[in-house]
Amino acid sequence: MVSIEDIPAEQRWEIAARAASAIPLAYDNAFREAIGEKYDGIEQPIMVEAGKEIKNLASALGLPTGNARDIYETFWIIGTILNGPEFKGETTEEGDDRTEGTVTQCPILNRAVEMGLDSKIVALTACQTYHKSAVENLNPWFTAQINKSMCSGDPYCEMVIERRK
């Protein structure tokens, strides 16, 4: 008899992450078609709540959130856990009050392309809402600014986490 243990953990993670990154896009596509333009207003509070969950995950894993560098690293770790090894990027500037990084490979964008969806419609606003919510819930003294987005045609995504002024 075959067992789940016969499938390597890395492969199980890749499969789960791939499916998880496709599900929100499938919902978006189906509901947007049925509801129309009102869907963005419905989806935004859902993405805010998803961002809040990042704080719970960080706490459960004992990950730091005291400064911009900590927030960025914690967000990156959790993002990789949730999105899988397909999620790639780098930190381009780091400090306690301001940290900047880029994403060069995104599983959500990849799924949108594979599904033939317009990422600017099904992913861009949701992603930005989720990122801002996650950062602000990890530490309310900080905020996130998305300066570039692959979903809108940029060659990479760029996020800056900085202390509120």
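**Helices, salt bridges and a surface patch**

With 23 residues at 1.5 Å a residue, α2 should span 33 Å, and the distance between its end C-alpha atoms is 33 Å, in agreement. The structure is a predicted model, and every value given here is computed from that model. The buried residues of α2 are Tyr39, Glu43, Met47, Gly51, Ile54 and Ala58. Just after α2 comes glycine 62, with a positive phi of about 70°. Glycine 62 sits in the loop between α2 and α3 and is exposed, its relative accessible area being 60%. From glycine 62 to glutamate 90 the separation is 28 residues in sequence and 22 Å in space, taken between C-alpha atoms.

Helix α1 can be read in the same way. Its 27 residues reach 39 Å from the first C-alpha to the last, close to the 39 Å expected at 1.5 Å a residue. Ala17, Ser21, Leu25, Asp28 and Arg32 are the buried residues of α1. Their cover includes α2, together with α3 (68-83), α4 (107-114) and α5 (119-122). Just after α1, glycine 36 has a positive phi of about 85°.

Asparagine 83 belongs to helix α3 and counts as buried because its relative accessible area is 17%, under the 20% cut-off. With neighbours within four places in sequence left aside, asparagine 83 is in contact with Ala17, Pro107 and Ile108. Ala17 is a buried residue of α1.

What, then, lies on the surface of these helices? Ile23, Tyr27, Phe31, Ile35, Ile42 and Ile46 form a nonpolar patch there, with about 550 Å² of accessible area together. The elements that contribute two or more residues to this patch are α1 (9-35) and α2 (39-61). The largest share comes from α1, which gives 4 residues. Isoleucine 42, a patch member, lies in helix α2. At 40% relative accessibility, isoleucine 42 is partly exposed. The spacing of such residues along a helix has a simple background: an α-helix has 3.6 residues a turn, so residues three or four places apart point the same way.

The charged side chains come next. A search of the whole structure finds 15 salt bridges. One of them joins glutamate 114 and arginine 18, with 2.9 Å from N to O. Because glutamate 114 lies in helix α4 and arginine 18 in helix α1, this pair ties together parts that are 96 residues apart in sequence. Both partners are partly exposed: glutamate 114 has a relative accessible area of 47%, and arginine 18 has one of 39%.

Lysine 52 is partly exposed at 35% relative accessibility, and glutamate 49 is partly exposed at 47%.

Another salt bridge links glutamate 162 with lysine 165, the closest N and O atoms being 3.7 Å apart. Glutamate 162 is partly exposed, with a relative accessible area of 23%, whereas lysine 165 is exposed at 90%. This pair belongs to a network in which salt bridges with shared partners join Glu93, Arg98, Glu100, Glu162 and Lys165.

Glutamate 158 lies in strand β4, which covers residues 157-163. How far from glutamate 158 is the nearest side chain of opposite charge? That side chain belongs to lysine 148 and is 5.9 Å away. Because a salt bridge requires a nitrogen within 4 Å of a carboxyl oxygen, that distance does not qualify, and glutamate 158 is buried without a salt bridge. Beyond its neighbours within four places in sequence, glutamate 158 is in contact with Glu100, Gly101, Thr102, Gln145, Ile146, Asn147 and Lys148. One of these contacts, Glu100, is a member of the salt-bridge network that includes Glu162 and Lys165.

How values were computed:
Residues numbered from 1 in each chain as written. Predicted model: local features only at pLDDT ≥ 70, side-chain atom pairs only at ≥ 80, totals over all residues. Heavy atoms only, no water. Patch = residues over 30% accessible without salt bridge, like charges linked within 9 Å, V, L, I, M, F, W, Y side chains within 5 Å. Areas by Shrake-Rupley, 256 points an atom, 1.4 Å probe, with all protein chains shown as cover. Buried < 20%, exposed > 50% of the residue type's maximum accessible area, 1.4 Å probe, protein only. Lys, Arg positive; Asp, Glu negative; His and termini not counted. Contact = heavy atoms within 4.5 Å. Expected span 1.5 Å × (residues − 1).
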